[in-house]
Structure formats: C-alpha cells, structure tokens
Amino acid sequence: MPPSPPATSAAPQRRTNQVLLRSLAQNFGLVLAWLVLIASIAIYAATYYAQLSALPGSFEITSTVNNTMPLVLTGLGQAIVILTRGLDLSVGGIIDVTNALAALYLGTTLTSVVLGTIGILVVGALLGLVNGALVAIGRLQPIVVTIATLSIYQGLAIMILPQPGGAIPPAFSSILVNSGAPWALVYCGAFALLWMVLRRSRLGVSIYAVGNDPASASANGISVVRTRLIAYVLSGVASAAAGLFLAASATAGDATAGNSYTLTSIVAVVLGGVSLFGGRGSGIGAIAGALLTTMIVNILFFSHVDPLYQSFYEGLFLVVAVVLTMAIGRLVKRRRT
Amino acid sequence: MTEPVPAAPPAPPPRRPFLGLNAERRHILYAMAAAVVVFAVGAAVRPGFASPAGISAVLLVASFVGLVAAGQTFVILIGGIDLSIPAVLNAAAILLVTSTLGDDSRALYGVTLTLAMGAGLGLLNGVGVAILGVPAVIMTLAMNGIVEGLMLGLSGGLTCQACASYAPPVVQAAVHGTVFGLPLALVIWGGIIIVVSIVLSFTTFGRRTYAIGNNAVASHLAGINVPLTTILLYALSGLFAALAGILLVGFGGQASLGMGTPYLFESIAAAVVGGVSILGGRGHYLGVAAGAISLVALTTVLQTLNMPEYGRDILYGVVVIALLLAYGREQDSV
C-alpha cells in the first residue's frame, strides 16, 4: 500500500508529479518488461543484420509473432491464475489435450470447424474448471493439484492421439497463421485491449483483490471461491486457444506439443513483471514477457548458440528475473518508506 | 517420536485415537495396508504375483521411487517442493556413464563425482530458496530447465561417444547382485529407510526439519538456523536423486534421455500416499516407503492387465487427488 500523500497544500504541479511517480512505481515491472522487450528487439535486429546483412522483414516478423502466440495465450491464462495467488502447472497438459482433439475433430466443413473450435474451447474450460474446483472448493494446494491434473491431462492426450498426426483444415491454418502479414500482432493488441477491459471489470477487481488479501476481499463481499474458479477456467480456455493455435501452425496434432509450456508460461509471466505472490502485475506485462521469451530464443539462435541449450537459458533467465525483480521491489519499498 | 505439539489451551477431549495412534502414524499404517491389499488383489488376478520372486521384483522397482521420494520428503517436510528431480536424476545417470566409460577402475571416482553433482545442484536450489528468497516452485523448476539444457547441450543431445557407454559392472552388480537371497538394491534401500527414519525422528536435525515445516518464523526465533537447514535439505534431495540415477543406470545398463521424467510425479505421489502433508511439518519416511511400494505394486498389477502407459499417468493423478481430498485439506477456510 502506498503511503497516503501529505495532506498539505502541495502545488498542483508537484501533486501531478507524485501521482505519476507513484503509478510508475506501482507499474514498475510492467514498464521494465516493455523496456527490456524493446531492447531485446533491437539486439535481435542487430544480430539478424550481422548474420544476413538485412533487417528482419514481414515474413520474419509474422513467423516470430505466430510462434509466440501460443505462449502469449498461455501466459495470459497463467497471469490471471498467478494474480489470484495460484499457480497452474497443468497448462501444458491442457494444450496437449486440445491440440490432440483439434487434429482429430476439426473436420473440413465450415460448420464442423466452427463447432469443433467452440467445443475445444469448452473442453479447455472444463479442464480448467476441474483445477479450479479442486483448488477453490476442495481447498487443496494449487501446485500439487495442477501437477496431478497435468499427469492426468497428459495421459488423456496420449489416449486421444497415440501418435502425432491427424489433420488440420488448411483454411483454419491460413486464417490463423498463414496470412502473409503479422496479423498475430493485431491479436496481441486485441488481447491487451481485452485485458484493460477485464482489469476494470468487476471480475478484474475481484482477481486483484483476492490476490492481494483473500480475507479482506471476502470481507468486502467478493466471493473468493468464485473468483478462483473463474481464474482457472480462464486459464483453461486460454490454454485451449493456445492448443488450437499450435495445431494451426503445425498443421497436425501432437499429444506432447504442449509439455514445454508449463515452464515457459511461468517464465513469460515472471519476465512480464507479475508478482508470484499474487495481486501485482498485468496481463499486458505477460504479453511482453511472452514476446521477450521468444526474442531471447531468437537472439540465441542468431548468435549461433546450440538450440539444445535453450532450456538452460530459459531456466537461467527465470531465476535472474525473479531475483532482480525482488531486489528492485525491495529497493523501491525502502525508498518510499 | 511424536511431534512436540505446541502447548494448546485446554481443548475439548480428543476423540479416542484409533489403536492409540495419532493421525500421522495412522497414515503410515494406511499406506502399508494399501500395499498389502494391492498385493492381495494382484495375487487374485494373476497367480504368482505375490510370490517371493514377484514381490522382490516389485520392491526393486519401488526402491528407485522410494529413494527419490526420500529427498522429496525432506523438502516437502519444510513446506517446499523439488521439481528439479527429473533433470538431476537424468544428468546423474549420464554423468556416471560418461565419467566411468564402463570401467570398473573409475567406478568409485564416477559415483563420487555424480553424487557430488547431485548434492551441489540441490545446494544451489537451497541457496536460491533460503538466501535469495526465490519461491521453491520457481527455483526448482528453473533448475530443472538449467540442468536439462546443460545435459542436452554438453552431451550433444546424448549423441556423444561416451554417452553410449555402459555403467561399470560394479554398479550393475550393486543393483542386480544379491546378499542372502535379497537383491542388493533392496538392501541399500532398507539401510536408507532405517537411516532416514532415525535422522528424522531421533536427531536434532530431524527435529529442526519438522519445526521449520510447522512454523519457520517460530523456528528462527527458537534459534534454529533456518537457511542452513533448508539448504542442507535441498542438497539431500539432489543427492538422493543422483543416487537413484546411479542405481537406475546400473539397473538398465545405459543412460537415456527422459529417464528421470516419471520420478517427479511418482516421488510426490509416494509422499502424499505415505501421509506426508504437502504443507510441511507432518509425515514419516516409513509411510512414504510404504506409499512407494503400493504405487509401484498397483502399476505392476495394471501392467499385467495390459493397461497402457498413459493409463498409469491418469491413475496416479486420480489417486493423488483422491488422497489429497481425503487428508490433505488446508485447515483454514478463507
């Protein structure tokens, strides 16, 4: 909680500065995430130029952002759950299940594709609902619950699609990923707008309130159980959308395609400045974090780092980012008290 | 033996405990009973399942799970969790074969090096959690990524020449050999069950572990060096994962990628089945060992009934959630 401003007659100019400073301090993680993202894009362009003597064009931008879209979606879902002081380790499993379902049941006609897409999003919501019910109503620890459901969902995915394969209707792929222009950037912008709406809605306020202090939130008439349930359901829907997107870009299904997203979604959220202790951060930060994660991989690629080392760097960045944000948070707190 | 119960104000007379046992010891009993029941069912479905040879085969596989679960139990007892086990176990298996190249004369060096690596990685986890204040989930998840990346990168995706080596015959004999008709790996595990149980129940280190799990702040005020104990416990978890990696590669002969993956969930499941509270401070390794045996026995029964691999994943998840609902609920409702 920021200290209340001095109640004296400060000049309006000074007050504006204070308000600006305070909002900067509160959104520090978000601002930092975007600054680091911009810096990483610059470094990416530089390494790209050094390798190919040209700047990345429309094709590179499109493929980069398309590759990031599943992570953007999972990161957004993960951010909502983490904001309520939860954690969803089952996102990878939900992507697996929905990816497998997409490969088998999207069909080829327009109606089957539309119905299939809706059905798969509903499946994601149901899988998220299971997590949410166990955490919120069953009062179980989110970490263990979602590790257990991760195991269940991964098993289900392999049951549905034992071997990678199946087919994705070409029209579905071309609408989502092969549009020749970086449409995914527009999707990211739309998600950011959607987040701003959510943030100001009743649900958004509940999510932040529950994450900051469940007891006070409850005392103020917010249903903690319902808020947590909805958070996990939204995470399930977001992961299902990620599974669909992944299927569209791979044009086939793979029941293990989502496994890496459990780690990377948390990396994206943390790099995006969302506090793991709940109540602090923004989905817009998570979008930046997801793009940043991809940028790091791209920079490593153009710097000729063996891709086998990828998870090494992801793990390292995760620890460094957490330690740094905590150190900065402590510094900011000390400055203000 | 029992936990020092914080002096409570005069409470309503407690329900008469079942067989005079407190909840924790009852959980050990449940886990053991579960193992017996699974063996009985197995024998009914497939005659010969509960024969000495059948039991010994199940116990051998359970010993790997049990060893990993020992480390996981240490960490869960202080309210933490170790998600880095899959990568540490796998890296240990690869380090053992690449450092010994299947040569008996280098076995001692290789085993020492591998155990030191496991303990060292666990130590880093502990430093991250206890000193840098990184949440245990994040620290150990990140460590899993770091170790996995290093393992893949350094071994070229397990394509290096040394990676194809076999475990030294001594190590293989340590798993497959027998003393007095008992598999050596089982004897090792039996020894570890005794040592871990004694350490947890009768030493100051064990007392400190339970104390931190129950209330870290109170433990600190009582003069316990909380960071040091935490670091040691994570180091032990890494050590046990590495030990399991060594025995597994001795069991199978060669290292492979992904051999550690099932053990993360199995170790947590064994701890939960054995009555260890995921919130810390409660549970005994004896229960965990029984939990490991019943889970492995259950898997074996299902395998003889031709249940596919994925069925095990689904079943483990369901069993863990059911048990958590039965006795893992958080006490305070919000």
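## Packing of helices α4 and α5 in chain B

In this predicted model, helix α4 (residues 107-130) of chain B packs against helix α5 (residues 136-154) of chain B at an angle of about 145 degrees, and their axes are 9 Å apart. Axes are lines fitted to C-alpha atoms over the stretch in contact, with angles running from 0 to 180 degrees between N-to-C directions; helices are DSSP runs (H or I, at least four residues) numbered from the N terminus.

The contact (heavy atoms within 4.5 Å) involves B:Leu121, B:Leu124, B:Asn125, B:Gly128 and B:Val129 of α4(B), together with B:Ala136, B:Met139, B:Thr140, B:Met143 and B:Val147 of α5(B). Seven of these residues are nonpolar, three are polar and none is charged, where Gly counts as polar.

A:Ser265 belongs to helix α12 (residues 261-271) of chain A. This residue counts as buried (under 20% relative accessible area, 1.4 Å probe, protein chains only) because its relative accessibility is 0%.

Beyond its neighbours within four places in sequence, A:Ser265 is in contact with A:Leu71, A:Thr74, A:Gly75, A:Gln78 and A:Val91. A polar atom of the A:Ser265 side chain lies 3.2 Å from the backbone oxygen of A:Thr262.

## Interface of chains A and B

Chain A contributes 39 residues to the contact and chain B contributes 41 residues. The two chains bury about 3,400 Å² between them, with 80% of it on carbon and sulfur atoms; buried area is the accessible area (1.4 Å probe) lost on being put together, summed over both parts. In chain A, A:Arg139, A:Val144 and A:Leu308 lose the most area to chain B, together 18% of what that side buries.

## Conventions

Residues are numbered from 1 along each chain as its sequence is written, and chains are lettered from A in the order in which they are written. Local features need pLDDT of at least 70, side-chain atom pairs count only at pLDDT 80 or more, totals for chains, interfaces and linings use all residues, and side-chain values use heavy atoms, leaving out hydrogens and water.

Technical notes
Helices (H or I, at least four residues) and strands (E, at least two) are DSSP runs, numbered from the N terminus. Buried means under 20% relative accessible area, exposed over 50%, partly exposed in between (1.4 Å probe, protein chains only). A polar contact is a pair of N or O atoms within 3.5 Å; within protein, one must be able to donate a hydrogen and the other to accept it, and residues adjacent in sequence count only if both atoms are side-chain atoms.
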